[in-house]
Amino acid sequence: MTALFGTIEFNQGAIVAQRILPIQYPITIQKAIDLLAKEYAILLESVIQMHVGNKLTSTPQD
């Protein structure tokens, strides 16, 4: 999953942070949602910490 800077165009902003979540199949939709929700919270916390620490950087998308 990826945190991006917002832009007018969909999915075009620079990458701020990313997390990888390996998924083992078979998996229920509910289990996938639960796993993703936890990872989104971790991703958000890391972006907030970078912002508060004035260390928020980004990488342009390819």
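Predicted model: local features only at pLDDT ≥ 70, side-chain atom pairs only at ≥ 80, totals over all residues.
Residues are numbered from 1 along each chain as its sequence is written, and side-chain values use heavy atoms, with hydrogens and water left out. Local features need pLDDT of at least 70 and side-chain atom pairs count only at pLDDT 80 or more, while totals for chains, interfaces and linings use all residues.

**Stop one: the core.** Select A3, V16, A17, L43 and V47, the five residues of the largest nonpolar core (buried Ala, Val, Leu, Ile, Met, Phe, Trp, Tyr and Cys residues joined through side-chain atoms within 4.5 Å; buried means under 20% relative accessible area, exposed over 50%, partly exposed in between, with a 1.4 Å probe and protein chains only). Now pick V47: beyond four places in sequence, V47 touches A3, V16, A17 and L56 (heavy atoms within 4.5 Å).

**Stop two: strand β2.** Go to I15, in the strand covering residues 15-18 (strands are DSSP runs of E, at least two residues, and helices are runs of H or I, at least four, numbered from the N terminus).

**Stop three: helix α1.** Leaving aside neighbours within four places, E39 contacts M1, R19 and L21. Finish at I48, also in this helix, residues 29-52; I48 is partly exposed because its relative accessible area is 41%.
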